[in-house]
Every structure is written in structure tokens, then in C-alpha cells.
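Subject: Structure handover and notes on helix packing

Dear colleague,

Please find the structure below. My notes on it follow.

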Amino acid sequence: MGAWDLLLVGLVLLFGLCGVLLPGVPGSWLVWAAVLWWALKEPRPVAWWVLVGSTVVLFASQVVRWALPSRRLRSGGSDSRLRAYAGWGSFLGFVLLPVLGAIPGFLAGVYLYERLRLGRHREAVAALRSAMRSGGWSLLTELFTCQLITAAWLGAVFWG
């Protein structure tokens, strides 16, 4: 696979990761489709293993999301800035403390947004709990899954 094809797959993966945070964009399916596209054009067996692994992880993520209460983050009073803070926090956590840092990073991003918005620690913690109960866990599950798939793809491209 050429450099331009890898760049396009990477851009679709990035768009899918951002799409998780945007309402109405099927981010997880874009991430999976990018890995499928890469696996179809890449002749190495590692590409197929990444595709199979990402399919299993994505399916497990959907099962977990269906098991969670069906609430939307929008109903909890969130806006796009809250999603941006949560996404950046999750990304920084994923990079600074590989893989598992995404979860505390996501929570820290939501807390930081609420702390800046409300000004006090106690109210920010209460707002963080409210946001996580009203759909934050579902968003975190989908974002974490897409980050795992993207990391597996990057690992296969650079070291596979």
C-alpha cells in the first residue's frame, strides 16, 4: 500500500475519531471502514488480524453500549465544548499513559470543562457525575474503542 493510500486511511480514521464526538456522524463505523479498506489493499496477514480484532472489539463495544441506559449526552445539558474537552482529555490520556489513560483523561476533560464553567470543585464534580450518567459512559465506550482500533492500525503500519 502506498503512502497516499495510508494517508487517506489515516484521515478517515481521524475523521471517525472526531465523528464519535459529533452527533449524527457514525464515527465508530468510519473507523472500522477505514481498517477494512486498509486490510483489503494490504497483502500482509497482520492487516487481516487487525481487521478481525477491530471487528470483535467494535462488536463488544456495541454490546456494552446497548446494555447501558439509553440516554444521550445532549439531554444532560452538554454542548460541543464539553465533547471537545472530553475528547482532548481522552486523547492526551491515551498518549501520556498508553491505552488506559484514555478513561481518566476523558473524566478529567469533562471535569475541567465543568470547573471552568461553574467555578467550584463541588459543583464541577456533581456536573461530572450528571454528565456521565446522562450518556457520558456510552460516549466514552465508543471513543475508547475507536482509539484502540486506531492504535492497533498504527502499530501494524509502523511495526507490523
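Contact here means heavy atoms within 4.5 Å. This is a predicted model, in which local features need pLDDT of at least 70 and side-chain atom pairs count only at pLDDT 80 or more, while totals for chains, interfaces and linings use all residues. Residues are numbered from 1 along each chain as its sequence is written, and side-chain values use heavy atoms, with hydrogens and water left out.

Gly109 first. Leaving aside neighbours within four places in sequence, Gly109 is in contact with Tyr85 and Ala86. Gly109 lies in helix H5; helices (H or I, at least four residues) and strands (E, at least two) are DSSP runs numbered from the N terminus. The relative accessible area of Gly109 is 6%, so this residue is buried (buried is under 20% relative accessible area, exposed over 50%, partly exposed in between, with a 1.4 Å probe and protein chains only). Between Gly109 and Arg83 there are 8.6 Å, C-alpha to C-alpha, at a separation of 26 residues in sequence.

Arg83 also belongs to the next item, the packing of H4 on H6. The axes of H4 (residues 80–96) and H6 (residues 121–159) come within 11 Å and cross at roughly 40°. Axes are lines fitted to C-alpha atoms, for helices over the stretch in contact, and angles run from 0 to 180 degrees between N-to-C directions. The two helices are therefore oblique to each other (under 35 degrees is roughly parallel, over 145 roughly antiparallel, 65 to 115 roughly perpendicular, and the rest oblique). From H4, the contact involves Arg83, Gly87, Ser90, Phe91 and Phe94; from H6, Leu139, Leu143, Phe144, Gln147, Leu148 and Ala151. By type, these are seven nonpolar, three polar and one charged.

H5 and H6 also pack together, at an angle of about 145° with their axes 9 Å apart. The residues of that contact comprise 18 nonpolar, three polar and four charged.

Lastly, the largest nonpolar core contains 29 residues. Such a core is a set of buried Ala, Val, Leu, Ile, Met, Phe, Trp, Tyr and Cys residues joined through side-chain atoms within 4.5 Å. H6 gives the most to this core, ten residues. Among the residues with the most contacts inside the core are Phe106 and Leu143. Phe106 touches Leu143, and also Ala86, Gly89, Ser90, Met132, Gly136, Leu139 and Leu140, not counting residues up to four places away in sequence.

Regards

Note on methods
Nonpolar A, V, L, I, M, F, W, Y, C, P; charged D, E, K, R; others polar.
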